[in-house]
Amino acid sequence: MNIYNPTRREFLTTLACVGASSFLSPMTMMARAQGKQVLKVRQDRDLQILDPASMVGGTEIEIQFAVLPRLVEFDYSTGPVRPMPGATVQRIVQRDATHIDFTLKAGFKWTNGFGDLSAEDVKYTYERMKTSDWSGYYDQLERVDVKDKLNGTIVLKQPFAPFWLVTMAHGVGSLLSAKATEKAGGKFTTELPATCGPYTFQWTPKQKNMFRLNPDWAGPKPDFDEVQGLLVEQDKAAILAYEAGEVDCSEITSADHARYKKKMPPNSKIFVAGALQYFWLGMNTEHPKLKDIRVRKAIQHAVDVDSIIQGAYSGTVEKSFGPVCPGLIGKRNKTKYSYNPAKAKQLISEAGANGLELELKTLNQQERVLAAQIIQANLQAVGIKVKVLPLDGGPFWALGQEKKGDQWKESQLWLMRYGTNPDPYEAMQWFRREQVGVWNWERWSDDEFEELYTKALAEIDSTKRSSMYMRMQEIMEDTGAYVWICHEPETYIHNTRVMPKTAPGAEMIFQGFKRA
Amino acid sequence: MWFYALKRTGLALVIVSVAILLLFSLLHLIPGDPVSIALGPRATPEIIERYEEKMHLNDPLVIQFFIFLSNALTGDLGVDVFSERSVARIVGEQLPYTLVLAVVGLGWAVLLGIPLGCLSAVRPHSLLDRITGVISVGTIAVPSFLVSIWALLIFAIHLNWMPVIGAGEPDDLLDQIHHLILPAFAIGLGWVGYLARLVRASMLEVMGENYIRAARSFGLPQRMVIYRYALKVAILPTITLIGIGFGHLLAGAVYAEIIFARPGVGKLIYDMVMSRNFPVIQGAVLITTAMYVFITLIADLIVAWIDPRVRESLQ
C-alpha cells in the first residue's frame with residue numbers, strides 16, 4: 001500500500017491550489033449569477049387578492065399566468081387569437097356543443113408537496129368558481145366529470161362559445177390545487193397555497209413581485225431565469241425608470257406613445273398588446289333635450305372622429321365602428337353615419353332644437369378631456385353649445401346608475417370607455433335591457449337585440465355569430481345614442497433585448513417573453 | 001415637569017381623537033361610492049353589498065367611528081377588506097421606509113442647516129451671510145416635489161449616477177443607501193434653508209444678550225462663547241421646529257415616495273385614498289397622527305428639560 005507522503009514544497013503547492021480554488025469559487029458563482037437572465041418589468045398596481053374566485057384582476061392575472069396552470073392558453077400564431085391547449089394539457093377538444101374533453105399531461109407537480117396536477121383539481125376549481133365573484137364566466141357550466149387522474153369532461157348547460165377564450169384561457173380559468181386550497185380553509189388572499197407554473201412567486205408588498213424558475217416545472221423552460229415585477233404606479237415615474245434602464249418593459253399611456261412615435265429612446269421598441277377597449281360618446285335617450293332621435297343623429301353627424309383620433313391620441317388608436325374590438329369576430333369596418341356638419345345642421349333644424357345647450361361629462365384624464373374639447377368645438381360648429389365637465393372617478397362612475405341617486409336623469413352626454421375580453425359577447429352584455437340604469441346609461445332596449453344576444457351565446461358557427469354581433473351593433477347605432485370613437489390599445493415600450501408577450505387583455509405573460 | 005408631561009400627553013390623545021374624527025368625516029364627504037371605486041366599475045351588486053357590509057358602510061358614521069376607535073384602543077386596527085391582511089401589518093411594513101427617509105432627510109438638513117445658521121449669525125451681513133441667505137430662501141421656496149423631479153432628471157436620468165425607482169434590495173444595505181440619497185436630498189433641501197434662517201435669527205438675538213457680552217468681557221474664546229453659551233439657548237426653537245418637521249415629513253414624504261416609487265406610509269395612504277380602501281387609510285392615518293403628536297410631545301419635553309426658564313414657568 002502506497003502512502004502519499006508529500007514534501008514541504010508539494011504541501012505548500014497543494015495548499016495554494018486549494019486556496020486559489022476556494023477564492024475563485026465565489027467568483028465562478030458570481031459569473032454564473034451574472035449570466036442569469038433577468039427580466040425587469042413595471043407593474044402598475046400591487047396585488048390584492050390572488051384567489052381567482054375573488055381577485056380584482058390586472059396584476060393578479062399576470063401572477064396567475066406565471067404560477068398557475070390553465071387548460072387553455074392564447075394562440076396568436078395564425079392571426080386572430082385562438083385557443084390552444086395549456087402547457088400542462090395533452091389534449092382538449094369540444095366533443096359536441098356542450099361537452100369538452102381534456103387530458104392532462106403527467107408529471108406536473110404542485111409546490112409544497114400537494115402532489116400531481118389532476119382532473120380532480122380541474123373539477124374542484126371550476127365548480128368552485130360557479131359560486132365566486134366571477135361566477136358570470138361560469139354561468140353555463142353544469143359540472144366537470146372526472147374519468148381518471150388525468151382525464152375529465154367539462155359539461156355545459158347549453159352551448160357557450162366564449163367558454164374557451166373568455167373563461168378557460170383567462171385568469172378566472174387558473175387551476176388550483178384542491179388539497180392545498182382546502183387546507184388553506186377554502187380561500188386565500190395574498191399567499192398562494194400551492195403553485196404549478198414555470199415560475200415560483202415571492203411578494204414584497206408595495207415593492208416588487210419576484211418570479212424565479214420553478215425547479216419542478218416539467219413544461220417548457222422560459223427564456224428568463226428570473227422576472228422582477230417592480231411596482232411603479234405612476235405612469236411618469238415608470239417612463240423615467242424605463243429611460244434610466246431600470247425596467248426592460250413598461251406599459252405606457254397614449255400620450256407617451258405619441259411622444260415616442262416622434263422620438264424613440266435608443267434600443268427601444270413599441271409593442272401594441274391589443275385594443276380590447278372601446279371608447280364612445282354616449283347620449284341619454286330619455287333626457288328631454290335628447291329625446292328626439294333627430295337631435296341624436298345630428299350629433300352623430302357633427303362629431304369628427306378622425307380629428308379626435310389625431311388631436312387627442314396623435315393617431316395612436318384605431319378608429320371604432322362599434323363595441324366589438326379589433327381582432328374579434330363581429331368587428332365592423334364602417335358605420336351608417338359619417339362626419340357631415342351640413343346634415344347635422346339640417347337635422348337640428350328639423351327637430352326645432354336650434355340654440356341647444358348640453359353638458360358633456362368625462363373622466364378627468366388628458367386624452368378624454370382633449371376629446372371632449374374637440375367634440376365641444378364640433379358641436380359648436382353646428383349650433384350646439386356644449387359645457388365640458390371633467391370628473392373624478394367617484395362621481396363619474398355613478399352618473400348613470402339609478403342605485404346611486406337621481407343624477408342619471410340629468411346626465412346628457414358622456415365619454416365612456418369599457419374594456420372587454422376576447423369574445424364579443426362581453427362587450428354586448430352591458431347594453432341589454434336588464435342593464436338600463438346600471439351600465440346601459442343610454443337607456444334604450446330592443447327586442448331583436450335581446451334575442452340576438454341569447455342566440456349568439458349558443459351559436460358555435462363563428463360566421464353566424466359574427467353576423468349576429470354585427471347586426472346588434474347596427475341596432476345600437478340606430479338608436480342614435482352612440483358616436484363610436486376609438487379602440488385604445490394597451491401599449492408597452494421595451495428594450496430591444498426582450499420581446500414581450502401579453503394576453504389579449506394586455507396582461508403580461510412572463511414565460512412568453514423572449515430574449516431578442 | 002411631571003404634571004406638564006401628563007398634561008401634554010392628555011392633549012396629545014385629544015388631538016389624535018379629533019384627527020380621526022375629522023378623517024372619518026372627510027372620507028365620507030369624498031364623492032363616489034367607495035366600493036365601486038375600489039372594485040372597479042364592473043363589480044356586481046352582490047359583491048358591492050358584501051364589501052359594504054365588510055367595511056360597515058351601511059352603519060351610521062358615528063357607529064363606524066366608535067367601532068374603529070374602540071378596536072384601535074385595544075390595538076386592533078382592523079383588516080384590509082380586500083387582502084384580509086392586518087392593517088397594522090400593512091402599515092408596519094411601510095413605516096420603516098418612511099421613518100428612515102424622514103430621519104436621513106431631516107438629519108442632513110440639521111447637519112448642514114445649523115452650522116450655516118451659526119456662521120451667518122457670527123458674521124452678519126458678510127458675503128457668507130448673504131450667500132447663505134439667498135440659498136436658504138431659495139431652497140425654502142422650491143417645493144420638494146420639484147426638487148425630487150429635477151434631482152431625478154439630473155442625477156438619475158442624465159448623469160445615471162443614482163437609481164430612479166424603489167428602495168433597494170432588502171438584504172443589500174449599500175443598495176438601500178444608494179436608493180435613499182436622492183429622495184433624502186429632495187425632502188431635506190427645504191429644511192436646510194428653514195433651519196439656517198431660524199438658527200441665524202435665534203443666534204443674533206442671543207448674541208445681543210448680557211450674558212454673552214459678559215462671557216466675552218471675561219475673555220472667553222469666541223468658539224466657546226458661540227457653541228457653549230449662545231447656541232445652547234438659540235437651539236431651543238430649533239428643537240421644536242425639528243420635532244414639527246419630522247412629524248411633517250412622515251406624511252410629507254409622499255411626493256418623494258410617489259416620484260421615486262419608494263414604499264412608505266405616505267404613498268400607502270395616497271394609494272389607499274385613490275382606491276377608497278377605508279380601513280387601511282384609517283389605520284395608517286391613526287399611526288402617523290399618533291407618531292406626529294408623540295414626536296412633537298417629545299420635542300416639547302426636551303425643550304422643557306433643557307431650558308430652566310420653561311421648567312420654571314411650568315411650576
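Which residues does A:I375 touch, not counting residues up to four places away in sequence? Select A:I375 and you will find A:L281, A:V303, A:L360 and A:V386; two residues are in contact if their C-beta atoms, placed from the backbone, lie within 7 Å.

This is a predicted model, in which local features need pLDDT of at least 70 and side-chain atom pairs count only at pLDDT 80 or more, while totals for chains, interfaces and linings use all residues. Residues are numbered from 1 along each chain as its sequence is written, and chains are lettered from A, ligands numbered from 1, in the order in which they are written.

Next, select chain B where it meets chain A. The contact takes 28 residues from chain A and 32 from chain B. Elements giving two or more residues to chain B's side include α5 (87-122) and α7 (144-158); helices are DSSP runs of H or I, at least four residues, numbered from the N terminus.

Now select α5(B). This helix has 36 residues and reaches 50 Å from first C-alpha to last, close to the 52 Å expected at 1.5 Å a residue, the expected span being 1.5 Å times one less than the number of residues. At B:Q94, shortly before the proline B:P96, there is a kink of about 30° (the angle between axes fitted to the seven residues ending there and the seven starting there).

Move to α7(B), which bends by about 25° at B:L152. Its buried residues (20 or more other C-beta atoms within 10 Å of their own) include B:V147 and B:A151. Their cover includes α6 (235-243) of chain A. Just after α7(B), select B:N160, which has a positive phi of about 60°.

Methods
A residue is buried if 20 or more other C-beta atoms lie within 10 Å of its own, exposed if 12 or fewer, and partly exposed in between; C-beta atoms are placed from the backbone.
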